[in-house]
Amino acid sequence: MRLFSGSADTFINLNLNNQIAELLRQEFLRQFGSNPSHNEVMSWRNSLLRMTLILQSAKLHDNGIFVEYQLPLSSKRIDVMVTGKDDQGTKNSVIIELKQWEKCSLSESESDCVVTWVGGGNRDVLHPSVQVGNYKYYLQENCSAFYEETDPVKLYACSYLHNYNYFEDDPIFDPRFNKAIERFPVYT
């Protein structure tokens with residue numbers, strides 16, 4: 001299940017015309033029987049516009065886009081997945097976890113977590129590279145397109161913290177997260 005799937009051009013046009021958040025809100029209501037929170041709608045409006053700018057600057061107009069793709073047999077949803085073929089014709093898919101964070105600090109209680117402002121307060125949350133890595137592993141194990149076909153789709157993952165202002169020795173790049181960041185990069 002997903003709230004939007006279509007071409008990158010359609011996604012870009014919906015964003016540039018300030019229509020994507022309303023489309024997602026309506027689809028959320030249709031699929032879940034209730035309205036999403038105001039904060040979630042605002043998050044779509046802000047983060048997906050930033051995603052549009054990335055797609056435009058990378059000239060990824062022929063790609064496919066999934067927004068709010070629900071993982072099979074799970075309540076977890078992937079923010080954005082970009083699909084397409086590379087120059088050699090290889091099928092690829094990139095999971096992108098979008099964050100509106102401005103800063104974070106290290107968690108004292110959880111090794112895979114950082115502390116950041118979410119839900120009206122500072123909370124321990126998974127480091128975005130760990131979170132998106134979990135999504136990737138889950139899809140690779142539970143979606144046959146990524147493992148069963150004779151030519152499976154290559155799957156990649158990264159996170160995009162579009163409001164983040166990092167500094168030297170920033171906690172987001174702390175050595176405890178090096179393995180996760182190497183496999184699932186963080187972009188700011």
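**Sheets, salt bridges and rings: a short tour**

Let's start with a helix. Helix H4, residues 128-142, lies across S2, S3, strand S4 (91-99), S8 and S9. Helix H4 runs at about 155° to S8. Some terms, quickly. Helices (H or I, at least four residues) and strands (E, at least two) are DSSP runs, numbered from the N terminus. "Lies across" rests on contact, meaning heavy atoms within 4.5 Å. For the angles, axes are lines fitted to C-alpha atoms, for helices over the stretch in contact, and the angles run from 0 to 180 degrees between N-to-C directions.

Now, what are we looking at? This is a predicted model, where local features need pLDDT of at least 70, side-chain atom pairs count only at pLDDT 80 or more, and totals for chains, interfaces and linings use all residues. Residues are numbered from 1 along each chain as its sequence is written, and side-chain values use heavy atoms, with hydrogens and water left out.

**The six-strand sheet**

In what order do the 6 strands of this open sheet come? The order is S1-S2-S3-S4-S8-S9, and the pairing is mixed. S1 and strand S9 (186-187) stand at the edges. Each has a single partner strand, so one side of each is left without a neighbour in the sheet. Two strands pair if DSSP finds at least two bridges between them.

Look at the S9 end. Strand S8, residues 154-161, pairs with S9 in the parallel sense, over 2 bridges. Ser159 has Val186 in S9 as its bridge partner.

Now the S1 end. Helix H2, residues 20-32, lies across S1, strand S2 (64-70) and strand S3 (77-85). Helix H2 runs at about 130° to S1.

Find Arg2 in strand S1, residues 2-7. Buried means under 20% relative accessible area, exposed over 50%, and partly exposed in between (1.4 Å probe, protein chains only).

Which residues does Arg2 touch, leaving aside neighbours within four places in sequence? They are Glu27, Gln31, Phe66, Val67, Glu68 and Tyr69. The Arg2 side chain also makes a polar contact with the side chain of Ser5, at 3.1 Å. A polar contact is a pair of N or O atoms within 3.5 Å; within protein, one must be able to donate a hydrogen and the other to accept it, and residues adjacent in sequence count only if both atoms are side-chain atoms.

**Salt bridges**

How many salt bridges does the structure hold? It holds 6. The criterion is a side-chain nitrogen of Lys or Arg within 4 Å of a carboxyl oxygen of Asp or Glu.

Take Arg30 and Glu27. Their closest N and O atoms are 2.6 Å apart. The two residues are 3 apart in helix H2, so about one helical turn separates them. Arg30 is exposed, at 61% relative accessible area. Glu27 counts as buried, at 19%.

Next, Arg77 and Glu40 meet in a salt bridge at 3.1 Å, N to O. This pair links distant parts of the chain: Arg77 is in strand S3, Glu40 is in helix H3 (residues 38-57), and they are 37 residues apart. Glu68 joins Glu40 and Arg77 in a network of salt bridges.

One more: Asp174 and Arg176, at 3.5 Å, N to O.

**The three-strand sheet**

There is an open sheet of 3 strands, in the order S5-S6-S7, with antiparallel pairing. Its edge strands are strand S5 (105-106) and strand S7 (121-126), each pairing on one side only. S5 is joined to strand S6 (residues 113-118) by 2 bridges. Ser105 stands opposite Val115 in S6.

**Rings**

Last topic. The structure holds 6 aromatic pairs. One of them is Phe28 with Phe32, a tilted pair, 4.6 Å centre to centre and 40° between the planes. Rings of Phe, Tyr and Trp (its six-membered ring) pair if their centres lie within 6.5 Å; planes under 30 degrees apart count as stacked, over 60 as edge-to-face and the rest as tilted. Phe28 is buried at 10% relative accessibility, and Phe32 is partly exposed at 36%.

Tyr137 and Phe184 have ring centres 5.7 Å apart and planes at 85°, so this pair is edge-to-face. Tyr137 lies in helix H4, and Phe184 in the loop between helix H5 (178-183) and S9, so the pair ties together parts 47 residues apart in sequence. Phe184 counts as buried, at 4%.

To finish, Phe28, Phe32 and Trp44 form one aromatic cluster.
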